[in-house]
Amino acid sequence: MKEIIWGRYSLLVYTGILTLFSLVLLFYIPALILFFLPSAVLFAICLKDFLQKKRSVLSNFPLLGRFRFFLESIRPELRQYYWESDDDEVPYSRNQRSMVYQRSKNEGGVRPFGSLEKFYENDFVWLNHSISPSNIKSQNFRTKVGVGKNAYEMSVLNISGTSFGAISPPAITSLNKAASIGGFAHNTGEGSLSSYHEDGGGDAIWQISTGYFGCRDKKGNFCSKTFSEKAKKNQVKMIEIKLSQGAKPGHGGMLLAPKVTPEIAKTRGIAIGVDCISPSHHKEFSNPIELLNFVEKLKKLSGNKPVGIKMCVGHPWELISIVKTMVQTKKIIDFITVDGSEGGTGAAPVEFTDHIGCPLKDALVFVDNALIGANLRDRVKIGASGKVVSAFDIAHICALGADWVNMARPFMFSIGCIQCRSCHTGECPTGIATMDPMRYRAIDIEDRSIRAANFHKNTLFVLKELLESVGVNHPCELNRRHIVRRLSESEIRLADQIYPRAEKGELLKKGKKNILDPRLNVYWNKVSSKSFNYLPGSI
């Protein structure tokens with residue numbers, strides 16, 4: 001009886017008594033309706049909680065248990081705003097987000113009173129500077145991708161894949177318009193080139209995924225005619241075939257039903273209001289030679305525009321088989337976008353996000369080594385995407401082998417993302433990762449596009465200053481000897497001493513070879529153009 005009156009059922013008892021008492025008095029004092037209605041509603045909620053069996057907490061703690069679920073629902077916000085440290089990366093720290101916000105608003109990004117970094121902790125990384133700095137005239141760093149009249153001059157910083165559907169129409173247009181203002185590129189993501197990308201007028205990299213969205217027939221197969229019509233548009237500068245994505249490698253893209261509106265369905269060529277789960281593999285090819293033939297096919301259909309692949313590195317022999325096939329057939333992929341496993345996404349199984357795929361830095365070194373060893377590095381360019389946010393991150397990634405860097409989440413921060421991590425629900429509070437018109441109406445395209453362009457411009461200005469301090473004139477001049485990493489309190493090493501190296505063309509030499517990268521050494525002679533796997537019986 002004590003537990004009923006004072007314990008877990010107390011609200012059920014008290015609201016019941018109050019409802020009954022006010023109901024009796026209501027016949028004598030009509031004004032008590034103001035007490036009866038609220039108490040009746042609360043008693044009904046308590047009774048419903050007590051009788052239901054789906055949630056034990058509510059059954060045992062009627063009404064009171066709802067506070068537990070409410071506090072649980074706002075836990076991320078409470079942690080982010082009140083208890084999270086400024087340098088807790090979950091996945092981006094407050095310091096990182098603040099830096100993006102400041103640069104997007106042209107408020108600078110300086111820090112007073114010294115660094116907050118822990119210089120003597122393991123894995124601390126820094127950039128070696130020079131006592132004779134360079135003097136760089138322009139921060140418009142470019143890399144030529146492809147050959148011929150349609151080769152593209154790629155900026156060192158671009159917007160990574162952001163699909164229409166994963167993010168809202170005004171968010172897409174804001175980012176693409178920023179690309180137009182700043183003279184950089186915007187990757188469409190696998191959701192196809194939409195009218196909202198075209199409204200922005202910026203350079204677009206059209207990503208073709210396993211679902212062939214935007215260039216598929218009614219059965220979901222690749223459609224050459226539809227592809228050619230879109231690919232030849234002046235706005236499309238390059239084509240990227242997505243083999244795998246860092247946040248969910250080996251798993252198809254995911255656009256959950258709440259986001260599949262009639263407009264999305266029309267753009268992608270899919271059913272309305274049904275989960276859109278891309279196949280895990282392509283129908284157009286199943287081995288390296290077929291992949292390269294598909295690349296050649298897309299080049300012809302697009303008017304010889306640069307065509308490349310995007311992949312999160314998994315089995316090393318798969319990448320090696322592609323590189324070796326390029327050497328044998330002379331059919332060259334124009335670029336490889338290396339996506340690290342720390343990359344972001346709107347939705348993915350947690351196990352894939354946390355434990356599948358190679359992290360960006362390790363993967364980047366491997367891809368760079370493979371291309372150098374095959375004497376293809378000058379022809380095949382490398383883009384990198386993952387958890388990259390600052391000018392130092394760009395310099396670091398370029399020093400490890402990238403020609404340019406793609407960012408998605410930092411650009412989303414620049415247009416208002418607050419990292420509430422509800423991208424998959426369609427209930428984004430800022431209107432960015434949602435298809436709800438009542439939510440995305442809050443996005444002012446003119447204002448947000450300028451903010452994203454400001455972030456790009458200010459980040460490249462800091463990158464220019466970093467390069468000057470190092471004594472180089474372009475990110476392509478950075479190498480692994482510029483990066484230093486602390487391995488322990490008493491040991492520091494250059495990245496060049498940590499990662500295996502490759503000599504130019506060493507994989508093509510006959511006879512005994514001294515190949516330092518163990519993956520290349522083991523698998524180069526055990527792969528073929530007929531399979532992504534190594535040869536049977538070779539290991």
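I began with a network of salt bridges that links E296, K299, D334 and R379. My cut-off for a salt bridge is a side-chain nitrogen of Lys or Arg within 4 Å of a carboxyl oxygen of Asp or Glu. A search of the whole structure gave me 22 salt bridges.

A note on what I am working with: this is a predicted model, in which local features need pLDDT of at least 70 and side-chain atom pairs count only at pLDDT 80 or more, while totals for chains, interfaces and linings use all residues. I number residues from 1 along each chain as its sequence is written, and side-chain values use heavy atoms, with hydrogens and water left out.

**Salt bridges, one by one**

I looked up D339 and K310, whose side chains meet in a salt bridge at 3.7 Å, N to O. D339 lies in strand β11 and K310 in strand β10 (residues 307-311), so this pair ties together parts that are 29 residues apart in sequence. For helices (H or I, at least four residues) and strands (E, at least two) I use DSSP runs, numbered from the N terminus.

Are these two partners buried or exposed? D339 is buried at 6% relative accessibility, and K310 is buried at 7%. Here buried means under 20% relative accessible area, exposed over 50%, and partly exposed in between (1.4 Å probe, protein chains only).

Next I checked E468 and K464, which form a salt bridge at 3.4 Å, N to O. They are 4 residues apart in helix α19 (residues 445-470), so about one helical turn separates them. Both E468 and K464 are buried.

R519 and D517 meet in a salt bridge at 3.1 Å, N to O. R519 is partly exposed at 26%, whereas D517 is buried at 0%.

**Rings**

I found 17 aromatic pairs in the structure. Rings of Phe, Tyr and Trp (its six-membered ring) pair if their centres lie within 6.5 Å; planes under 30 degrees apart count as stacked, over 60 as edge-to-face and the rest as tilted.

How are the rings of Y101 and F413 arranged? Their centres are 6.2 Å apart and their planes at 75°, so I logged the pair as edge-to-face. Y101 sits in helix α7 (residues 94-104) and F413 in helix α17 (residues 409-414), so the pair ties together parts 312 residues apart in sequence. Y101 is partly exposed at 24%, while F413 is buried at 3%.

W317 and Y534 also form an edge-to-face pair, with ring centres 4.8 Å apart and planes at 85°. W317 is in helix α13 (residues 316-329) and Y534 in strand β17 (residues 531-534), 217 residues apart. W317 is buried at 13%, and Y534 is partly exposed at 29%.

I also noted a cluster that ring pairs build from W206, Y212, F222, F227, F285 and F294.

Then I looked for charges over rings (NZ of Lys or CZ of Arg within 6 Å of the ring centre and within 35 degrees of the ring normal). The charged end of R55 sits over the ring of F69, 4.4 Å from its centre, and K324 lies over the face of W524, at 5.7 Å from the ring centre.

Most residues other than glycine have a negative phi. S192 has a positive phi near 85°; this residue lies in the loop between β5 (185-187) and α9 (195-200) and is buried at 0%. K330 has a positive phi of about 65°; K330 lies in the loop between α13 and β11 (335-339) and is exposed at 67%.
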